[in-house]
Amino acid sequence: MDFKRGMQDSISIALGYFSVAIAFGLIAVDSGCSPVQAMMISMVCVTSAGQFAGVTVMATLGSYVEMALTQFLINARYALMAISLSQKVEPKFTTVPRLFLGSMITDEIFAVAIGQKEIKIKYFMGLACLPHIGWSAGTIVGGIAGALLPEILTTSLSVALYGMFIAIVVPQVKTSKKTGIIVAITMGISSLIYFLPQLNFISSGFAIIISAVIASVIGAVLFPIDDDNEEGEAE
């Protein structure tokens with residue numbers, strides 16, 4: 001019963017993942033992966049932003065250090081989510097189920113799971129099952145389409161990736177001036193690295209890392225979190 005309820009709660013997540021994963025499959029194949037390789041990445045990683053960044057690093061022949069740092073920065077938040085969820089799991093949640101929980105957490109799965117009074121093993125397995133299938137299936141569909149469709153069409157379809165990130169960032173920028181300032185700082189640093197001849201030696205992988213770290217530090221200094229403020233308050 002718990003497994004079935006978890007699957008029911010994750011149907012909308014799975015449908016959303018399927019559509020976004022098609023874009024990842026297109027990008028992955030365009031970056032040199034085969035459809036099967038793209039699907040294997042999705043089956044093992046289950047991290048949309050991390051996978052998009054990962055194939056970008058691979059496509060630009062980035063180093064292992066670039067890949068490791070990029071993935072660490074992008075996915076570090078999942079460790080905090082796992083710690084938070086671990087406080088609500090049932091007593092039967094032993095080491096193996098906890099490892100499964102940690103490897104399957106995404107933003108959306110976390111948002112649903114954290115609303116439970118107690119997270120049962122079967123419920124979480126059901127909650128994670130359909131999104132994982134949707135993400136993997138969407139990737140293979142996008143990968144096959146990328147391998148079969150003309151290049152001009154796959155290039156046009158891959159713009160969905162940028163649409164996804166715009167859809168994530170713009171609402172936050174509209175409701176928070178602080179977020180808008182940090183985004184502008186990130187864009188400015190990235191542009192300087194790209195256009196200044198003196199910085200041409202910095203690869204695209206490290207450019208992402210440098211921009212994210214510097215902007216995060218500036219944001220932490222300029223806009224420290226005030227515990228007295230109400231959570232979710234629009235700036």
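This is a predicted model: local features need pLDDT of at least 70, side-chain atom pairs count only at pLDDT 80 or more; totals for chains, interfaces and linings use all residues.

Q: How many helices and strands are in the protein?
A: Twelve helices and zero strands. Read along the sequence, the pattern is α-α-α-α-α-α-α-α-α-α-α-α.

Q: What share of the residues is buried?
A: Buried residues account for 34% of the 235 in the protein.

Q: And the contacts: what fraction join residues at least 24 apart?
A: Take contacts between residues at least 6 apart in sequence. Of these, 75% join residues at least 24 apart.

Q: Now the helix pair. At what angle do helix 3 and helix 8 pack?
A: About 160°, with the axes 8 Å apart. Helix 3 covers residues 35-45, and helix 8 covers residues 121-148.

Q: Why quote both numbers?
A: Two packed helices are described by the angle between their axes and the distance between the axes.

Q: Are helix 3 and helix 8 roughly parallel or roughly antiparallel?
A: Roughly antiparallel, because angles over 145 degrees are classed that way.

Q: Left-handed or right-handed crossing?
A: Helix 3 passes helix 8 in a right-handed crossing.

Q: Which residues in helix 3 meet helix 8?
A: Pro35, Val36, Ala38, Met39, Ser42 and Met43. On the helix 8 side they meet His132, Trp135, Ser136, Thr139, Ile140, Gly143, Ile144 and Ala147.

Q: How does that contact split by class?
A: The contact of helix 3 with helix 8 has nine nonpolar, five polar and no charged residues.

Q: Zoom in on Ser136 in helix 8. Buried or exposed?
A: Ser136 counts as buried, because its relative accessibility is 8% and the cut-off is under 20%.

Q: What does Ser136 touch?
A: Met39, Ser42 and Met43, leaving aside residues up to four places away in sequence.

Q: Switching to cysteines. How many disulfides?
A: The count is zero.

Q: And Cys33, buried or exposed?
A: Cys33 is buried, at 14% relative accessibility. Cys129 is partly exposed, with a relative accessible area of 26%.

Q: Last topic. Where is Ala79 found?
A: In helix 5, which spans residues 64-86. Ala79 is partly exposed, with a relative accessible area of 43%.

Q: What separates the C-alpha atoms of Ala79 and Gly102?
A: They are separated by 7.5 Å, with the two residues 23 apart along the chain.

Conventions:
Residues are numbered from 1 along each chain as its sequence is written. Side-chain values use heavy atoms; hydrogens and water are left out. A disulfide is a pair of cysteine sulfur atoms within 2.5 Å. Buried means under 20% relative accessible area, exposed over 50%, partly exposed in between (1.4 Å probe, protein chains only). Axes are lines fitted to C-alpha atoms, for helices over the stretch in contact, and angles run from 0 to 180 degrees between N-to-C directions. Helices (H or I, at least four residues) and strands (E, at least two) are DSSP runs, numbered from the N terminus. Angles under 35 degrees count as roughly parallel, over 145 as roughly antiparallel, 65 to 115 as roughly perpendicular and the rest as oblique. A crossing is left-handed if the near helix is turned anticlockwise from the far one by less than a right angle, and right-handed if clockwise. Contact means heavy atoms within 4.5 Å. Ala, Val, Leu, Ile, Met, Phe, Trp, Tyr, Cys and Pro count as nonpolar, Asp, Glu, Lys and Arg as charged, and the others, Gly among them, as polar.
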